[in-house]
Amino acid sequence: MHKAKTVLDFHRMKAEGEKITVLTSYDFPMTGLIDAAGIDMILVGDSVGVVVAGFDNTLPVTMEDMIYHTRAVMRARPKAFVVADMPFLSYQTDLNSARLNAGLLIKDGGAAAVKIEGGVNVAETIAAITAMDIPVMGHIGLTPQSLHRMGGYKVQGKGDAQAEKLIEDARAVEAAGAFAIVLEGIPMGLAQRITAELTIPTIGIGAGPHCDGQVLVIHDILGLCSKYSPKFVKRYAELAPIIGEAVANYIADVKGGTFPEERHCFK
Ligand code: KIV
């Protein structure tokens, strides 16, 4: 049985060169499965809005959604360190609502930390939340809540000026007190530079192999989302056809009268 992870483990892992494994999870049964497999960190991502609720992007996700899903994850009592995403509009308008919403994800949701998208522009917010002793994970590069500013889900940090801007963002997130930072959708060389410069661990998604850890969306690695598979995803299973076949067999059994059998019945 693996030991419960804390923020201290991630600093040690970076120092010792041990990669940090992160997956998203949004519910009780999946959390039990991935935790038993030994994942280091679970992110209750606002990607829940896309892969579970069926929205086109993460912008409609609410605090209520995030608390509901974080509670479901925590009921599995994971040993993994659980980070809850702060959804769009829960931290951008003012510091007090950012503090309150971060606190609710810890107090009502049960998470150990929160994640915030942005760099220099959210440094003050990260500092305000970490001042309440709530660990914050930063998130820079392709930040899905900035979809409309970016003009789509495009790789960020290409070219010298954009790369310098992202390095400044990474420095600001670290200086504000974040315990780790997600680097999403940036060139691998830039991710390597940021990882070498920062003392906090970098967790990559579409940012190459030189980050201190990797995060992916659980539905993507299990082949549960047939709609779209980004270049940076590796599928470790193809569950969609397995589920389709199981359901087709159930339908055929019920229609054909071969389920339920005697062993499924009460006397
Ligand atoms: O919401 C999410 O799942 C994320 C990860 C993809 C980093 O932010």
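1. A polar side-chain atom of D85 lies 3.1 Å from an oxygen atom of the ligand. This is a polar contact (a pair of N or O atoms within 3.5 Å). Taken alone, the ligand exposes 260 Å², of which the protein buries 95%; such areas come from the Shrake-Rupley method with a 1.4 Å probe.

2. The model is predicted, with local features needing pLDDT of at least 70 and side-chain atom pairs counting only at pLDDT 80 or more, while totals for chains, interfaces and linings use all residues. Residues are numbered from 1 along each chain as its sequence is written, and side-chain values use heavy atoms, leaving out hydrogens and water.

3. Further polar side-chain atoms face oxygen atoms of the ligand: one of S47 at 2.5 Å and one of D46 at 3.0 Å. The residues around the ligand (a heavy atom within 4 Å) include T24, L43, G45, K115, H139, I205 and V217.

4. Is E184 buried or exposed? E184 is buried, because its relative accessible area is 11% (buried means under 20%, exposed over 50%, partly exposed in between; 1.4 Å probe, protein chains only). E184 belongs to strand 6, residues 180-184 (a DSSP run of E, at least two residues). An unreviewed UniProt entry places the feature "active site" at E184; such annotations may be inferred rather than shown by experiment.

5. I243, V247, Y250, I251, V254 and F259 make a nonpolar surface patch of about 530 Å² (residues with over 30% relative accessible area and no salt bridge, nonpolar side chains joined within 5 Å). A salt bridge is a side-chain nitrogen of Lys or Arg within 4 Å of a carboxyl oxygen of Asp or Glu. I251 lies in helix 11, residues 239-256 (a DSSP run of H or I, at least four residues). With a relative accessible area of 43%, I251 is partly exposed.

Technical notes
Patches are made of residues with over 30% relative accessible area and no salt bridge: like charges are joined within 9 Å, nonpolar side chains (Val, Leu, Ile, Met, Phe, Trp, Tyr) within 5 Å. A polar contact is a pair of N or O atoms within 3.5 Å; within protein, one must be able to donate a hydrogen and the other to accept it, and residues adjacent in sequence count only if both atoms are side-chain atoms.
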